[in-house]
Structure formats: C-alpha cells, structure tokens
Amino acid sequence: MKLSRHWLSDFVDLTGISNESLAEIVTTRIAEVDGVSESGAPLSGAVVALIKSVTPINSKLRKTIVFDGTAERSVVCGAPNARAGMLTAYVPVGGKIYTSEGPAEVLKKEVGGELSEGILVSAKELDLFGDHEGILELDGHEPGASLSKIFQGLDFVIEIDNKSLTHRPDLWSHFGFARELAAVLRRPLKDDLDRFADTDANGAGLLTELGSGRGELTISVQKDTECRRFLGVLIEGVIPGVTPQWMRRRLHTIGSGQKNFLVDLSNYVMLDTGAPNHVFDLGKLRSPELFVRAAKNGEQLRGLDGIDYLLEQTDVVVADSSGPVSLAGILGGESTAVSADTTAILLEAACWDPVRIRKTAKKLNVRTDAALRFEKNQSPYLPPLAIQRYVQLLKQVQPGATITSRVADQFLQKPEKLSIASSFSYISQRLGQGAPEAIEMGVTLTSLGLTLNVEGDKFVAEVPYHRATRDISHADDLVEEVGRCHGYENISEAAPLVASVPSSLPAQRELEHECRDLLRGAGFNEYYAHSFVDPEYSLSLGYSMADAVIMQNPMDSNQGAMRTSLIPNAVQTLAENSRFEGSLQLFELGRAYSNKEEPRFANYKTLDRAANTAAKEKRLLCISTLSAEGGYSDLGAVAGVEFFGLLAVVKKIAALRSDSALRTEPIAPENALAWMHPYRAAKIFIGELELGTIAELAQRSDLKGRAVLCELEMDSLLESSKRASYKPVSKYPTSFFEVSIVCPRRTNYSTLERVLRESPKSELIQGIELLSLYEGKPLQEGEKSVSVRLIFGSNERTLLSQEIAEFQSEVMSSIESGGFALRR
Amino acid sequence: VELSQITENEGRCLSVLEGATSSAELEKLRVQFLGKQGELTQLLKSVASVPAEQRKEFGKLANEMKGRVEAFLEQKKTVLELKERSARLESEWIDVTLPVSAVSKNDAPGSLHPLTSVQRELEQIFRGLGFTVVDGPEVEKERYNFDALNIPATHPARDMQDTFWTTQGDVLRTHTSAMQVRALERMKPPLRIVAPGRCFRSERVDSSHDHTFYQMEGMMVDRNISISNLLYFMRTLLREILGFEPKIRLRPGYFPFVEPGFELDIWFKGRWLELLPCGLVHPKVFELTGHDPKEWQGFAFGLGLSRLVMSRYEIDDVRHLQGGDLRFLKQFP
C-alpha cells in the first residue's frame with residue numbers, strides 16, 4: 001500500500017519532518033516500509049497562463065501568445081486542445097518537465113521556425129496524473145498563480161509492506177496512518193474522521209442528520225451471511241463526469257487507476273478512510289431494495305472486471321429482486337455499475353465477516369482492495385466514515401447532489417466495549433531497562449486513543465473502536481504499543497538473572513558430527529538433496545511407494561512424494577557429477593519419510609523424536625562411491641574391490657558407536673532391489689542389529705566404472721552401545737594354525753568362519769585371518785580354496801603341545817564334518 | 001730400525017690417506033696401515049728390535065704417531081661419509097610438485113556442506129549461552145506448525161506462507177517455529193532451546209528462492225523475561241557470528257506467536273538490513289501448550305540459516321545448496 005505525504009498532511013501537520021525521518025518514523029514505530037519515492041514534477045516556476053492567441057504554423061504545430069501573469073510569451077505548442085481564452089500550465093525556460101526518457105529541462109529553442117519561450121504542458125508532463133490528453137485545463141485559476149500552490153509540488157510516497165499490516169485493519173488508509181503518526185509525534189489531528197464513527201450513539205446520531213429525503217430504501221440482511229453492518233443511502237442529481245484535478249493527482253500518486261468521478265470518489269474515500277464502499281447506479285437496480293443473502297449454488301455474477309463468477313452457498317451476495325448485484329465485500333457487479341448516463345446512485349458501505357470474505361476471495365481468486373481490507377477484520381464502526389466522507393466530498397464538487405433517503409443502517413453485530421486491566425509495572429517489566437515512566441506510558445496510550453482509568457500502578461484501558469477487533473486484546477499488546485511509541489532504541493540490553501545450566505547436544509547430533517568428520521577425513525564430499533522424489537523414478541529403482549508420504553500440492557509432478565530412501569538422490573547425484581569426474585566419494589545425512597508404522601521408521605520417543613508426529617521420519621546416512629573398475633588388495637586381484645572399499649568405511653562408522661563386529665549377509669538375487677547388482681548386495685549388521693544395506697549399482701549406461709552405495713540407519717547405530725573396557729593383555733603365548741579349505745565357489749566366507757567358530761575347542765580361538773583365495777588347477781572347476789590362519793591360545797596358561805594338537809585336529813574334523821575338504 | 005722411520009712412515013701414511021676418495025677405500029687403507037698386519041702396527045711391534053736406550057723414546061714417538069694417524073683417519077672418514085650421504089640423498093630426488101592424485105589414490109580431502117559448518121558453529125555458540133539443541137519432525141501436524149502458534153485456520157497469517165500439504169492433511173513445516181510448541185509441550189520451563197532444521201514453502205524456485213531452506217529457531221523461557229534480555233542475547237549471538245560489535249535495531253514486526261513482535265535489523269554497509277524476526281513469546285502460545293503466562297515469559301527468534309550461508313560465502317544462487325554439484329561442494333573443505 002502506498003501513502004502520499006500530501007494526503008497524510010490533510011490530517012496531521014508534518015511540518016519540520018524531513019521525508020527521510022518520516023519514513024524512519026513509520027518503519028521504526030509503525031510498519032515496515034518497502035520503499036520510498038517521489039512523485040510529480042517539482043513545479044518550480046510553473047504557473048497558470050492565459051492563452052491570448054493561437055496561430056497555426058503547420059498541420060501539427062501552432063504558435064501561441066500566452067500571458068503568464070507578468071508578461072506575454074511566445075510559445076510553440078502541438079496540443080490540439082490549445083485555444084484562445086484557455087487557462088493552462090506554462091513552464092518557463094529553465095523549468096523541469098517529465099518526458100518518456102525522464103526529467104528534462106525546458107530550453108529556449110526554435111520549434112517549426114518559431115522561437116519558443118518555454119512550453120505549455122500536459123498533466124503527464126508534470127507527472128500529476130493521467131494520459132497525454134492535451135495541455136492541462138486550469139479553469140478557475142488566475143494567470144500567474146503558482147502550480148506548486150495548486151498541486152502542492154513534489155509529493156513523497158511511502159510504500160508499506162502489506163504483510164506488516166496483517167494485524168492492523170485500522171492502518172489501511174491515509175487517515176489510519178495519520179492517526180498513528182499524530183500519536184507517535186504527539187501532534188493533534190487536524191481533521192479527526194473518527195467523529196463520524198459515532199460510537200456512543202451506536203451509529204444513529206450523525207447518520208440520521210445526514211439523510212432525510214423521502215426516498216424509500218430498504219435493506220434486509222440475512223443472519224447467516226454474518227454481515228456485521230450494512231449502510232446505504234440514495235443520492236440524486238449526480239454527474240459521473242470528470243474528477244477534480246487535485247483528486248486525480250492523489251490517485252495517480254499512489255498508483256490507483258481512474259474511471260469517472262463517482263467511482264474515483266468511492267475509491268478515494270476508501271484510501272482516505274480505510275472503509276471500502278460501493279456505488280450502484282440506482283437506475284439500473286430493479287428497485288431501491290437490497291438483500292444481503294447467501295448465494296444460491298450455481299448463481300452467476302459478472303463482476304466489474306468483466307469476469308463471470310460462479311457462486312456457491314458459502315459466498316455472500318448483495319442482490320436486488322432480480323439477482324446478485326455485487327459479491328459482498330469483494331467486487332461490484334457489472335450490470336449495476338455507474339456509467340456515463342448515471343444520475344442517481346445508491347451508496348453502500350458495510351462490514352463483513354473476515355473469514356467469509358477471505359474464503360470467497362481466495363476461492364474465486366479475486367484479491368480486490370476491498371477484500372484485502374475486510375479480511376483483516378474491520379470494525380463495524382468504520383462504514384459510517386465512508387458514507388460521511390463520500391457525501392462531504394461529493395457535495396464539495398457537485399453542490400447539486402442531494403440525498404434523497406434516510407441512511408438505512410442494518411447494524412447486526414454491535415461489538416462489546418473492550419477493556420484491558422494491567423499495570424504500568426507489568427509493561428515496564430516486559431520492556432526491561434530503559435522503559436518509560438508510568439506517566440509517559442499513560443500519555444502514549446491515551447494518544448493512541450485508549451481511555452485510561454488509573455488507580456495507582458494499576459489501570460483499566462478501554463480500547464478504541466478501530467483497535468478493538470483483534471489487534472489489542474491483551475496486556476502484552478499494550479507492551480507493544482508503549483514500546484514502539486517509546487522507541488525500542490531506548491531499551492538497553494541486560495543479561496537475565498537466571499540459573500546457569502550446562503546445555504546438552506543430543507546424542508544423535510553428536511553422532512552426526514562424528515560421522516561427518518570421519519567421512520570428510522576419508523575424502524568424502526557432503527551434499528544435501530531435496531526431500532522430494534519423483535514417485536515413478538523411485539519405483540524404477542525398486543522402492544515401493546505404497547506407504548510414501550504423497551504431496552497434495554507438489555511444485556511439480558516429479559516432486560510428488562517425500563523420499564523413502566536417500567538412494568534415489570544418491571544415484572542421481574553420482575550420475576550428474578560423473579560427467580565431470582570419474583572418481584567420486586559422496587555422502588548425505590538426511591531423512592526419509594513414510595506413513596508406515598514399522599520399526600525401521602521408529603516412532604520418535606524424546607523431544608527430538610517426539611510422539612504425535614505426522615509421518616514417520618528416519619535419519620539415514622547414505623555413502624556412495626564411483627571408481628574405475630579393478631584394483632588390488634592384500635589378497636591380490638580380487639573382484640569387488642570397490643564394494644569392499646566402501647564397506648571398510650562403513651566399518652569405521654560402525655565402530656564409532658559399537659564394539660560388536662560388523663558383518664554382512666548376502667541379499668538373495670530375487671530380493672535385491674532393482675537398483676542393486678543382484679550378486680553384489682548385502683545387509684549390514686553390527687551384532688544382531690541391522691544397520692543398513694550396501695550394494696553395487698547395477699550397470700547403467702550413464703555411469704562408467706563401478707558405483708557402490710550404502711544406506712545406514714543412524715538411529716540403529718545410536719541404539720548399539722560401546723563401552724570401553726580394559727582386559728589385561730594375555731601373558732601367555734598364542735599359536736597359529738593355517739588351513740586351506742576347499743569348497744564350492746559360491747560358498748560364503750561367513751559360512752566357513754561359522755564352521756570354525758563352532759568347532760569344539762573354539763573358546764581358544766583368538767582370531768581368524770583370511771590368507772588367500774585360490775581357484776584353478778589342481779582344484780576342480782567350480783571349486784575354490786580358502787586359506788585361513790587361526791590364532792589361538794589361552795589367557796590363563798601356556799597350552800601344552802598335546803592341547804595344541806587336539807585343537808588342530810578338532811578344527812580339521814569340524815571342517816570335514818561341515819562338508820568341506822582340506823587341502824593338504 | 002731408525003727413529004727417522006717413524007716420521008717417514010707418518011708422512012707416507014697421511015698422504016695416502018689424504019688421497020682416499022670413498023669411505024670404502026679409506027677402510028681398506030685403515031686395514032693396510034692399522035690392521036693386525038698393518039704397516040704401522042708392524043712398525044710399532046718392531047720396538048723390540050730397537051736398542052734399549054732408544055726403546056723408550058721410540059715407543060713414545062711411535063705411539064704418538066699412531067694416535068695422529070688414527071685421528072686423521074677418523075676425521076677423513078667423517079668427511080667422506082658426509083659427502084657420500086649427501087650424494088645418495090641427492091640421487092633420491094623426487095618431483096614434489098607432481099599432482100598428488102596421479103601418484104596416490106587416496107588424496108581426496110573431502111568436504112562438509114556449508115550449511116553443516118554454519119549450523120554447527122551456531123549450535124556451539126548457543127550451547128555456550130546455555131541453549132540446548134533439539135530436533136523435530138519435518139512433516140508436521142497442523143497444530144504444531146499453525147494452531148498452537150496462535151495461527152488458527154482462518155488467520156490471514158496463513159496466507160503469508162505458501163504451505164505444502166500431504167494427502168494425509170499434514171504440512172511440511174513452513175518454519176522451525178513449530179519446535180517452540182514441541183519444546184513447550186515436552187520440556188519443563190525454564191528452558192533454552194535452539195532448533196535448526198529443514199523447512200519448506202511452495203515458492204517458485206529461482207536464484208534467491210528455493211522451496212526447501214534451513215532455519216534455526218531459538219527460544220528462552222524463564223521468569224521475568226524482558227525485551228532487554230532479548231536484546232542482550234541477540235547482540236551476544238551476532239557478535240559471536242560476525243566477529244565484530246554489531247549495530248542493531250528492533251522495529252515492529254508482526255508474527256502471531258510473539259507479542260510484541262520485532263524485526264531485528266543490522267547496520268551493514270551504510271544501510272539497515274533486515275536480519276531476523278524475534279519477539280516475546282505470545283501468552284496465547286503458553287496457554288495453548290498448558291503453561292501459565294503469568295508465571296512464564298520468554299523470547300523467541302528465527303535465524304535464516306540458508307540466508308546466512310549465502311551471505312557468508314557470497315553464494316549467488318540458492319539452488320547450489322541442494323544441487324549436489326561437486327564443483328560447488330568441494331569449495332568448502
């Protein structure tokens with residue numbers, strides 16, 4: 001919303017306050033200023049001039065002799081409306097005008113072979129209003145009169161951020177801001193429009209005096225419309241005609257479009273008082289009888305904007321006996337709009353339920369200035385201001401206009417008087433050090449329109465009508481009123497007197513930090529991916545989306561669901577980055593979401609995992625690598641080095657919280673997800689706790705090399721526990737025993753290890769090391785040999801050679817009874 | 001055997017030793033002269049054949065001579081070994097400017113996302129001020145995101161935020177302020193919390209807007225909390241983040257869950273910049289979470305983490321933050 005300084009000055013004296021300080025006062029005391037600008041030409045030197053004669057030079061240009069109050073000047077002019085005897089605007093040489101290229105100085109120059117001493121200008125050239133419609137007509141002024149007197153010169157425009165007025169229905173007008181500025185500046189209001197609010201007489205007094213004609217106007221309001229108040233009056237002898245120039249300029253300054261006087265005035269009154277109002281062409285209404293009612297389902301209304309609106313029962317309309325004539329509180333109807341031949345009008349101002357207005361305006365997507373104001377919850381005492389002001393200004397311009405009816409007033413919801421009990425010491429405590437004295441607070445609240453009943457420190461404040469709709473309802477609202485008027489810059493800082501307590505970092509966060517540090521140290525790069533996923537894509541990787549959280553209003557169909565795993569993002573991130581680098585090491589710590597109750601999506605238990613959550617969210621760590629195929633290990637050339645490279649990292653991560661051994665279990669090819677290499681996929685466990693999965697990415701044409709991805713559950717890792725404990729280092733010697741086991745090629749090492757660990761004397765085993773893998777002669781096709789070293793011994797004594805021999809033979813017989821052969 | 005033989009032998013020996021060019025050659029010479037069968041050793045042994053009256057002197061001179069030769073040898077050895085060592089080292093020259101990745105596979109330094117680093121830094125600052133770090137869900141019940149924050153369904157403030165809704169009727173939290181409610185519900189005042197995290201608003205994505213962004217909510221609840229206290233914490237916080245004493249101001253700002261509500265501006269490069277919204281916790285929020293606003297007061301604030309990261313590193317496009325482009329990410333080691 002834009003504010004004009006000239007307009008504000010109608011209501012409050014701003015003398016002595018620079019434009020900069022005015023903007024500063026508004027922003028630090030009242031509402032957020034979005035921007036400031038100047039409007040209109042400086043007008044210095046521009047005067048009213050009388051055209052004495054007009055002589056054509058050619059088909060376009062004419063030479064005029066004008067009298068500027070002191071001398072006659074010769075001026076060349078192209079305007080078709082220039083005529084002898086006309087009073088117009090003259091800018092002498094050296095003055096400023098606005099052109100399409102910006103401000104320009106008027107030069108003495110030859111035009112069409114004639115010397116021109118200055119120019120005659122249009123309103124547009126002075127940035128006053130309107131389009132290029134010829135030079136300005138200034139009837140009723142004396143030649144030589146200064147234009148800056150007539151039009152107040154350069155105006156200063158403040159644009160307010162509408163969001164900062166969400167809670168202030170009283171600030172949606174020039175009078176509203178002026179009232180506020182008067183309170184902040186402690187200056188009196190020059191013209192207090194609140195006198196029209198007539199709150200004591202409940203609206204009856206002044207309005208009764210206003211209208212007294214014989215014309216009949218009936219207004220009936222249905223209760224279920226939640227209309228708070230509806231005022232109407234009939235006015236005859238009006239002319240749509242041209243709007244006075246001063247009013248056109250103001251409307252232009254704040255960026256408002258213009259139509260005809262009756263409509264412009266309606267608009268002006270809203271911007272002036274804050275009260276939306278509407279004029280119907282009385283001749284186009286079926287009869288001077290209006291019904292405020294719920295719309296019928298399927299009923300249609302063509303709005304002033306030319307759009308047909310299809311209505312429902314939840315919408316409210318103003319209708320005459322033939323049907324809707326306006327969408328209540330939002331938009332007038334086209335059929336009853338004022339037009340060039342209008343002679344009589346029905347002026348209406350009302351107060352509507354903000355929620356109803358908001359719903360209809362949102363549903364039909366019509367955000368008019370009226371709707372914007374009503375949905376902020378206006379006071380039912382406001383509409384009289386619109387009626388009074390409209391009549392007042394109309395009569396000023398068109399004295400012939402007459403009111404031909406009583407003011408019909410349907411006042412359905414009279415608000416209770418609102419009082420707040422508080423104390424000066426409470427306000428002072430909330431503000432802190434530097435709070436104003438009680439007497440000062442009293443003055444501030446009174447200047448803001450509150451009526452105070454003081455008893456010592458305590459007081460009861462009665463809230464004025466314009467602040468009583470929602471805005472001021474608590475003692476804390478008064479803290480804000482006093483604080484902002486006093487100026488928060490006057491409040492000084494102070495440390496609170498509170499107990500000093502150590503703060504904690506959740507275990508989860510500590511683990512996250514450790515994982516990140518570890519991974520960064522190991523050369524991994526962290527990325528953040530979006531929480532949304534394309535359900536189709538996710539499905540194509542093998543994730544069921546049956547329990548996924550689905551978006552009602554996604555930005556895009558490829559962001560239609562919340563991700564159920566970090567893998568889909570990881571695959572994309574690998575693919576995108578592989579265009580630039582052949583070797584990648586990436587990780588993300590993030591969340592996946594699901595509607596399903598399953599242990600993997602644990603119900604949050606503590607604050608950060610509080611119950612009563614909407615979806616189930618789990619924290620995951622996804623690590624991925626891409627590398628060229630092949631590589632050597634301690635075992636020589638071995639397939640899947642990339643896989644084990646990542647698994648080694650997982651092992652380090654698991655060791656952050658667990659002292660149990662990390663182990664993997666193959667995922668059977670038929671259970672592998674679509675993205676997984678069916679023969680290189682495993683579940684990862686620490687002890688019996690499932691930590692996550694790891695798998696090589698099934699070959700893709702867009703990725704060269706081998707990609708391996710794993711996804712770990714941070715909450716599982718957190719559940720496992722690690723406690724450092726000391727065991728004395730064994731004083732007794734250990735022995736080694738190396739065996740080579742021959743087994744079918746696809747025998748898992750974990751199976752062999754289990755056989756060894758389950759042998760009768762296995763309590764002596766202190767470690768098992770894989771030494772080598774071998775396939776080929778003299779082994780048979782489809783066989784392999786696995787050589788391991790067993791480290792064994794006792795912590796209590798030195799083993800006897802007989803015990804050693806026994807151990808070795810137990811191991812060998814276990815291997816054989818396990819169905820495997822020994823390679824001798 | 002003559003006495004003069006001693007001097008002759010010494011002269012010859014020293015000049016031969018002087019000519020040695022390697023420690024190996026020197027060792028050979030040592031054996032030649034001083035070994036068991038060495039020439040000088042033999043000379044010393046020949047003392048027996050010296051006449052008795054000269055024997056004492058001969059013995060003394062011969063021993064002195066041997067001492068000098070040995071000392072010379074030792075010195076020569078040190079010099080030669082030093083020379084040889086430096087020659088060997090020189091032969092082991094490597095080109096230290098070779099690209100590491102060409103020679104060693106494990107050269108990658110790794111990187112942390114800038115949001116991670118900034119969030120961690122802030123968490124540390126707040127922990128120093130006695131604030132506990134808490135986390136909460138990103139898919140939220142309406143109650144936490146709106147209702148209990150004094151934003152009922154009909155409130156125009158709901159228009160201020162473009163909300164993502166799930167088909168279950170839940171919201172993706174539009175601000176971390178939802179955590180104020182969770183904290184007040186689950187923790188006993190007095191309390192001090194910060195809640196960093198991911199938020200969502202359905203905004204058109206461009207270089208300065210993303211539908212996903214990070215905030216950090218802060219709240220302190222205690223007895224007799226005032227605007228002075230809020231200012232104290234905000235200034236302390238900003239001083240820590242910025243590393244200099246900031247010039248700040250409060251001006252009115254509207255948020256339904258605080259009263260009074262403020263925008264905190266900071267003076268930066270000659271003008272006021274809007275930095276963070278804050279205010280005293282609205283009594284309604286206390287009531288809606290089962291606390292007596294007469295007993296408890298508090299302040300709350302919201303830090304835009306994404307915005308902070310953008311300005312700290314002068315990042316020109318917010319889409320980088322969740323773009324996953326390594327060429328961006330690797331700039332934050």
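Analyst: In this predicted model, Arg168(A), Asp170(A), Glu180(A), Arg467(A), Asp471(A), Glu481(A) and Arg484(A) are linked in a network of salt bridges. Local features here need pLDDT of at least 70, side-chain atom pairs count only at pLDDT 80 or more, and totals for chains, interfaces and linings use all residues. Residues are numbered from 1 along each chain as its sequence is written, chains are lettered from A and ligands numbered from 1 in the order in which they are written, and side-chain values use heavy atoms, with hydrogens and water left out.

User: What makes Asp471(A) and Arg168(A) a salt bridge?

Analyst: The rule asks for a side-chain nitrogen of Lys or Arg within 4 Å of a carboxyl oxygen of Asp or Glu. The closest N and O atoms of Asp471(A) and Arg168(A) are 3.3 Å apart, so the pair passes the rule. The two lie 303 residues apart: Asp471(A) in the loop between strand S27 (458-462) and helix H13 (475-486) of chain A, Arg168(A) in the loop between strand S12 (155-160) and helix H4 (174-185) of chain A. Helices (H or I, at least four residues) and strands (E, at least two) are DSSP runs, numbered from the N terminus. Both residues are buried, a word for under 20% relative accessible area; exposed is over 50%, partly exposed in between (1.4 Å probe, protein chains only).

User: Which salt bridges does Arg467(A) form with Asp170(A) and Glu481(A), and at what distances?

Analyst: With Asp170(A), the closest N and O atoms are 3.8 Å apart. With Glu481(A), the N to O distance is 2.8 Å. Glu481(A) lies in helix H13 and Arg467(A) in the loop between S27 and H13, so this pair ties together parts 14 residues apart in sequence. Over all chains, the rule counts 71 salt bridges.

User: Why are Phe131(B) and Phe233(B) called an edge-to-face pair?

Analyst: A pair of aromatic rings is described by the distance of the centres and the angle of the planes. Rings of Phe, Tyr and Trp (its six-membered ring) pair if their centres lie within 6.5 Å; planes under 30 degrees apart count as stacked, over 60 as edge-to-face and the rest as tilted. Phe131(B) and Phe233(B) are 5.6 Å centre to centre, with 80 degrees between the planes. So the label is edge-to-face.

User: How do you know whether Phe131(B) and Phe233(B) are buried or exposed?

Analyst: Phe131(B) has a relative accessible area of 0%, so it is buried. Phe233(B), at 6%, is buried too.

User: What makes Tyr313(B) and Phe332(B) edge-to-face?

Analyst: Their centres are 5.0 Å apart and their planes stand at 75 degrees, so the pair is edge-to-face. Tyr313(B) is partly exposed, at 33%. Phe332(B) is buried, at 11%.

User: Why is Gln322(B) called buried?

Analyst: Its relative accessible area is 7%, so Gln322(B) is buried. It touches residues of chain A, including Tyr528(A) and His530(A); contact means heavy atoms within 4.5 Å.

User: How many residues and salt bridges are counted between chain A and chain B?

Analyst: The contact takes 90 residues from chain A and 97 from chain B. The rule finds eight salt bridges across the interface. Arg509(A) and Asp135(B) meet in a salt bridge at 2.8 Å, N to O.

Technical notes. Lists of a residue's contacts leave out its neighbours within four places in sequence.
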